[in-house]
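This report describes the architecture of the protein shown below.

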Amino acid sequence: MGRHIVLTAIAKDRPGLVDALAGVIAAAGGNWLESSMARLGGEFAGIVSVDVPEDRAAELEAALAALSEQGISVSVVRGGGGNGAIGRRLRLDLVCQDQPGILRAVTQVIATQGASIETLETIVSPGSMSGELLFRASADLILPDSTSIASLEAAIQAIAADIMADIEMSEDTED
């Protein structure tokens, strides 16, 4: 049985960063399972889920630490490899004029309702007509069976007016 690890990597963006990570993982016999990576503010940031043979886990962790010599900061967390939260999947899309505290207001409601955020993507960009900065967020949520979709939607819509946001939610029916 292998060991499941989750690693985060941050470095100044440049060609070859993902290759450096992939090379270290492959050299230790690791299996790259899933990842999310992006260039944010000139930095490269990524999170990767890896399964590595138990007897080679220490080798992989040492090789990942050695990437600091190349300017790549890697943190490793040993994980259980479970599937995470169980419940109904929902999609949330939000658009509003950019202002401090938007994400905090929305995530507070999500947490209060007992939902988990599986993925979250945000961006601030100029609006197509006005040129004013718009904040956009898209999130995949997992709602526990004990919470109704209507309850979460009502709580989200209650804050939509406060932050002047257009918020849409839909149940994800894909599996």
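## A hairpin and the basis of the description

Strands β2 and β3 form a hairpin with two residues between them, and G41 in the turn has a positive phi of about 55°. The pairing of β2 with β3 is antiparallel and extends over nine bridges, and S36 has I47 of β3 as its bridge partner. Strands and helices are DSSP runs numbered from the N terminus (strands: E, at least two residues; helices: H or I, at least four). Two strands count as paired if DSSP finds at least two bridges between them.

The model is predicted: local features need pLDDT of at least 70, side-chain atom pairs count only at pLDDT 80 or more, and totals for chains, interfaces and linings use all residues. Residues are numbered from 1 along each chain as its sequence is written, and side-chain values use heavy atoms, with hydrogens and water left out.

## Domain division

The protein is divided into domain 1 (2–78) and domain 2 (88–171), with bounds that come from an automatic or database domain assignment. The C-alpha centres of domain 1 and domain 2 lie 31 Å apart.

## The sheet β2-β3-β1-β4

Four strands form an open, antiparallel sheet in the order β2-β3-β1-β4. Strands β2 (31–40) and β4 (73–79) stand at the edges, each with a single partner strand, so one side of each is left without a neighbour in the sheet. From one strand to the next, the twist averages 15°. Angles run from 0 to 180 degrees between N-to-C directions, and the axes are lines fitted to C-alpha atoms, for helices over the stretch in contact.

Strand β1 (residues 2–12) pairs with strand β3 (residues 43–53) in the antiparallel sense over 11 bridges. Within β3, V50 is the bridge partner of I5, and A45 stands opposite I10. Helix α1 (residues 17–27) lies across β1, β2, β3 and β4 and runs at about 160° to β2. Helix α2 (residues 57–66) packs on the sheet, touching β1, β3 and β4, and its direction makes about 5° with that of β1. Contact here means heavy atoms within 4.5 Å.

## R3 in strand β1

R3 is found in strand β1. This residue is buried, with a relative accessible area of 18%. The classes are buried (under 20% relative accessible area), exposed (over 50%) and partly exposed (in between), computed with a 1.4 Å probe on protein chains only.

The side chain of R3 makes a polar contact of 2.3 Å with the side chain of E54. A polar contact is a pair of N or O atoms within 3.5 Å; within protein, one must be able to donate a hydrogen and the other to accept it, and residues adjacent in sequence count only if both atoms are side-chain atoms. Apart from neighbours within four places in sequence, R3 is in contact with V50, D51, V52, E54, A57, E61 and R78.

## The sheet β6-β7-β5-β8

A further open sheet of four strands has the order β6-β7-β5-β8, with antiparallel pairing. Its edge strands are β6 and β8, each of which pairs on one side only. The twist averages 10° from one strand to the next.

Strands β5 and β8 pair in the antiparallel sense over seven bridges, with L92 opposite M169 of β8. Helix α3 packs on the sheet, touching β5, β6 and β7, and its direction makes about 155° with that of β5. Helix α4 also packs there, touching β5, β7 and β8, at about 170° to the direction of β8.

In helix α3 (residues 102–112), the buried residues are I102, A105, V106, V109 and I110. They cover an arc of only 130° around the axis, which puts them on the same side of α3; the arc is that of the directions from the helix axis to the C-beta atoms. These buried residues pack against β5 (88–97), β6 (116–126), β7 (133–143) and α4 (149–160). On the other side of α3, R104, A111 and T112 are exposed.

## Loop residues

Q113 lies in the loop between α3 and β6 and is buried, with a relative accessible area of 17%. Its side chain is joined to that of S151 by a polar contact of 2.8 Å. G114, which follows α3, has a positive phi near 85°.

M164 is found in the loop between α4 and β8 (165–171). Its phi is near 50°, a positive value in a residue other than glycine. Most residues other than glycine have a negative phi. M164 is exposed, with a relative accessible area of 60%.
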